[in-house]
Amino acid sequence: MIREAYQSDTEAMVSLLKTCNLYNPLLDYSEWSHPTLVYEIDGKVIGLCQFILAKPYAYFSVIAIHPDYRRFGYGKELMAEMEEIMRLNGIKAWGGFIHEDNPSNLAHHGAALMGRGYAYMKVIEVETDVA
C-alpha cells in the first residue's frame, strides 16, 4: 500500500535509508517536508519516495526500495503515485540528479539525461481544461 508518510514512520524510514546506503548522519530526519510517500507491505515500510514540488518542474529528492523488494515494480509504483500528485498540482516535469554508478538510474523511470552531467528530466502529461 502506498500512502503519505507519518511521523511514526521516521524510525522505519531512517532504517531503510541506512539499508540502502542513502543515510547521512549529518541530517536531522525527525521531520519530512514536501510530499513523502512510503510503500508499506504487511506493516513494514519497504520503500519511500520524496519530491519537492515546484514550478516549472518538481525536484526528485530520494527514492529508496529495500534490497529484498527490488525488481518487483514497487519503485515504479511510488514514482507513478508521485507523478499523479505533480499532475494534480499542475506540474509538467520533474528533474533529479543521480550518481553515475547507480545501477537503477532515473532513466529507468522514463527520465532523459540532460547535458553532460548526471541530471535527468522527465516531462509528464498534465490534463488541461478546455472550455
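1. The accessible surface of the protein comes to about 8400 Å², and carbon and sulfur atoms account for 50% of that area. Areas of this kind are calculated by the Shrake-Rupley method with a 1.4 Å probe, and for residues only the protein chains shown count as cover. The model is predicted: local features need pLDDT of at least 70, side-chain atom pairs count only at pLDDT 80 or more, and totals for chains, interfaces and linings use all residues. Residues are numbered from 1 along each chain as its sequence is written, and side-chain values use heavy atoms, with hydrogens and water left out.

2. The protein has 131 residues, of which 39% are buried. Buried means under 20% relative accessible area, exposed means over 50%, and partly exposed lies in between (1.4 Å probe, protein chains only).

3. The secondary structure consists of 2 helices and 7 strands. Read from the N terminus, the order is β-α-β-β-β-α-β-β-β. Helices (H or I, at least four residues) and strands (E, at least two) are DSSP runs, numbered from the N terminus.

4. Contacts can also be sorted by separation along the chain. Of the contacts between residues at least 6 apart in sequence, 56% join residues at least 24 apart. A contact means heavy atoms within 4.5 Å.

5. Strands β2 (residues 36-41) and β3 run antiparallel and are joined by 6 bridges. Two strands count as paired if DSSP finds at least two bridges between them. L37 has C49 in β3 as its bridge partner. The two strands form a hairpin with 2 residues between them, and D42 in the turn has a positive phi of about 50°.

6. Strand β3 (residues 44-52) also pairs with β4, again in the antiparallel sense and over 6 bridges. In this pairing G47 stands opposite I65 of β4, and L48 stands opposite A64 of β4. β3 and β4 form a hairpin as well, with 5 residues between them.

7. How many residues of β3 are buried? The count is 7 of 9, and the strand is mostly covered. In strand β4 (residues 58-65), 6 of the 8 residues are buried, so β4 is largely enclosed by the rest of the structure.

8. D9 sits in the loop between β1 (2-4) and α1 (10-19). D9 is buried, with a relative accessible area of 7%. Leaving aside residues up to four places away in sequence, D9 touches R3, E4, V38 and V45. E83 belongs to helix α2 (residues 74-88) and, at 8% relative accessibility, counts as buried. The C-alpha atoms of E83 and A93 are separated by 8.8 Å, the two residues being 10 apart along the chain.

9. Most residues other than glycine have a negative phi, and most peptide bonds are trans. N21, which is not a glycine, has a positive phi of about 60°. N21 is in the loop between α1 and β2 and is exposed, with a relative accessible area of 70%. R71 has a positive phi near 70° and is likewise a residue other than glycine. R71 lies in the loop between β4 and α2, where its relative accessibility of 74% counts as exposed. The peptide bond joining K55 and P56 is cis, with omega about 20°. P56 is in the loop between β3 and β4.

10. The second largest pocket has a volume of about 240 Å³. Its lining includes L17, L22, W32, Q50, S61 and V62. By class, the lining has 6 nonpolar, 4 polar and 2 charged residues. Here Ala, Val, Leu, Ile, Met, Phe, Trp, Tyr, Cys and Pro count as nonpolar, Asp, Glu, Lys and Arg as charged, and the others, Gly among them, as polar. On a 1 Å grid over the protein atoms alone, a pocket is an open set of points with protein on both sides within 12 Å along at least five of seven lines, whereas a cavity is a set where a 1.4 Å probe fits but cannot get out; lining residues have an atom within 4 Å of a point. Grid points are joined across faces, edges and corners, and a volume is the space filled by probe spheres set on the points.
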